[in-house]
Amino acid sequence: MLLLSLVLAHLIADFYLQTDHMVKEKLKNIWKHTAHHFILNALVLSLFLPVDYGYKNMNKNLLMPLFLIVITHFLIDYFKIKLVDTLKATNEENIKRLCFFIIDQLLHLGVIIFTCQLFWGLEIKGLFVRLLIKNQVSLGVGSSILFCIIIVILATSVSGHMIKILLGSLPTQLLAFEGKYAFKNERKEVHFEERRVGNRGLTEEYNYTIFSKHDLSRGKLIGYIERLLVLILTFYSAYPAIGFIVAAKSIARFKQMDDRDWAEYFLLGTLSSMFLGITLGIVLREFLK
């Protein structure tokens with residue numbers, strides 16, 4: 001349960017306490033981000049310490065694991081930011097960004113597991129052996145609740161961030177044409193020399209093309225609901241029902257499918273979302289059923 005609590009604390013600090021401004025200026029706000037991890041991990045370890053150890057050997061059970069997790073988190077994030085800053089905004093580089101993100105999260109998870117083994121004697125080898133053998137891992141009520149919360153976070157915020165990295169910036173096809181507007185301003189001089197013939201004046205014409213961008217927060221919410229539905233349907237092995245979700249999305253975007261760039265963008269996002277939802281649904285089913 002301690003391992004799951006530390007993983008949950010990491011996810012909350014990484015995906016909920018980190019604001020959009022902090023994401024844009026990661027290197028500048030890395031200390032603030034590290035402070036979030038320090039506070040949450042300290043809170044988790046402080047809650048487990050009296051229950052499991054009764055405030056015995058606080059250096060080994062609280063201070064040393066806390067600083068190991070926080071310092072390694074800072075170093076991993078620092079080097080990841082330096083590597084990501086060298087990449088350009090292209091489709092090929094987006095795949096590299098996604099790989100860096102996955103490696104970054106796996107390294108954080110590895111540090112948490114290593115810390116649990118080093119300070120609290122978690123048997124890593126035995127754990128993986130039980131994972132490979134079906135029905136050899138039984139979670140208690142508290143651990144099952146924590147595991148479900150982690151899976152939901154992975155299916156919503158974490159998966160959404162991964163898909164956002166993979167897709168990159170929004171294409172121009174996501175701009176919906178609203179219309180064209182023209183304004184004409186004409187001024188004439190009434191008084192002019194008698195020997196001159198004709199009118200003298202100034203004419204100005206302004207043309208505007210209006211576009212509107214789709215509401216990104218609405219699309220984000222749709223993605224969350226979509227992956228949660230896929231997660232639940234996979235948990236109950238209702239795979240045919242997942243096809244209705246894809247069909248509903250395709251009908252809603254039917255007219256835009258004529259544009260090849262938009263269709264590829266749509267399919268990449270949808271298939272990535274479905275893959276992540278189904279994968280997490282299988283993991284949840286194997287652990288809880």
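Which residue's side chain meets that of Arg-285 in a salt bridge? Select Glu-286: the N to O distance is 3.9 Å, and a salt bridge here is a side-chain nitrogen of Lys or Arg within 4 Å of a carboxyl oxygen of Asp or Glu. Arg-285 is buried at 15% relative accessible area, while Glu-286 is partly exposed at 37% (buried is under 20%, exposed over 50%, partly exposed in between, with a 1.4 Å probe and protein chains only).

A word on what you're looking at: this is a predicted model, where local features need pLDDT of at least 70, side-chain atom pairs count only at pLDDT 80 or more, and totals for chains, interfaces and linings use all residues. Residues are numbered from 1 along each chain as its sequence is written, and side-chain values use heavy atoms, with hydrogens and water left out.

The whole structure has two salt bridges. For the other, pick Lys-80 and Asp-104, whose closest N and O atoms are 4.0 Å apart. That pair links distant parts of the chain, 24 residues apart: Lys-80 is in helix 4 (residues 58-84) and Asp-104 in helix 5 (residues 91-120); helices are DSSP runs (H or I, at least four residues), numbered from the N terminus. Lys-80 is buried at 14% relative accessibility, and Asp-104 is buried too, at 3%.

Last stop: select residues 2-15 and 141-167, which are helix 1 and helix 7.

Notes
Helices (H or I, at least four residues) and strands (E, at least two) are DSSP runs, numbered from the N terminus. Axes are lines fitted to C-alpha atoms, for helices over the stretch in contact, and angles run from 0 to 180 degrees between N-to-C directions.
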